[in-house]
Amino acid sequence: MATTNLNLDGWLDGPIEIIPAVDVLGASAVRLHQGDYDAIVADAGDPVALAGVWARAGATRVHLVDLDGARSGRVRPEIVFAVAAAISPVKLQASGGIRSLADAQALLAAGADRVIVGTAAFPDVRPWVEALGEQLVVALDVRDGQVRTGGWLQGSGFALEDAVARCLDAGVVRVHCTAIDRDGTLAGPDLDLVASVASSGLAVLAAGGVSSPADLVTLAHAGAEAAVVGRALLPH
């Protein structure tokens, strides 16, 4: 898919920050349906080129997900380095495959300014907060009220409420909250989910189901700090 016609028209004037998502599977930027690795609903080609498009279009931050890393548990700092270089001085938050503090530090050293940690943050997120401070974003990837890990393929054993409580107790500032069943569907965000987490006092980056700039308004009312948007920004 050509990236020359992509833009953020209508999105940048919303009440909350929009963070374009670049999800990498193999060597391509893709969108999955509800996190199913066998259900690619969009293929945007070169992820570095796509990230560059969003940076030039006016995004203040890009959200990079290494889907292979999320599934395998291995980070690929070289992807982070390439994307960070392509979008500088626009900021980059990176996720996928982080299983240790060394992994997180490798991605920060490669150019990310924030890392999103899900699987490795449970059951004990406190060491991550102590080491990374506000460079840490905890992933709360939710399906049926439960937090999923391992590229959304495994259960964490934690209900959402328990995960939120652990984040608060450990001093987490910001979470990336995904409604898995809405991700890649364009069905609209899960406002109840966002409102529930935001009411705890955690800053919420909301993801899953965003379909239009109008959703930014409803997410703002639900308490979100920003919206991570993927499929809605691509031709569909």
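His-63 is buried, with a relative accessible area of 3%, where buried means under 20% relative accessible area, exposed over 50% and partly exposed in between, for a 1.4 Å probe and protein chains only. The model is predicted, so local features need pLDDT of at least 70 and side-chain atom pairs count only at pLDDT 80 or more, while totals for chains, interfaces and linings use all residues. Residues are numbered from 1 along each chain as its sequence is written, and side-chain values use heavy atoms, with hydrogens and water left out.

**Around His-63**
- The side chain of His-63 makes a polar contact with the side chain of Gln-93 at 2.8 Å.
- Leaving aside residues up to four places away in sequence, His-63 touches (heavy atoms within 4.5 Å) several residues, including Ile-19, Ser-95, His-176 and Val-228.

**Nonpolar cores**
- The largest nonpolar core has 72 residues, of which Trp-54, Val-138, Leu-140 and Val-197 touch the most other members; such a core is a set of buried Ala, Val, Leu, Ile, Met, Phe, Trp, Tyr and Cys residues joined through side-chain atoms within 4.5 Å.
- A second, separate core of 9 residues includes Ala-21, Val-137, Ala-226 and Val-228.

**The aromatic pair**
- A search of the whole structure finds 1 aromatic pair, a term for rings of Phe, Tyr and Trp (its six-membered ring) with centres within 6.5 Å, called stacked under 30 degrees, edge-to-face over 60 and tilted for the rest.
- The rings of Phe-122 and Phe-158 have centres 5.6 Å apart and planes at 40 degrees, so the pair is tilted.
- Phe-122 counts as buried at 11% relative accessibility, and Phe-158 counts as buried at 11%.

Conventions
Polar contact = N/O pair within 3.5 Å; in protein donor to acceptor, adjacent residues only side chain to side chain.
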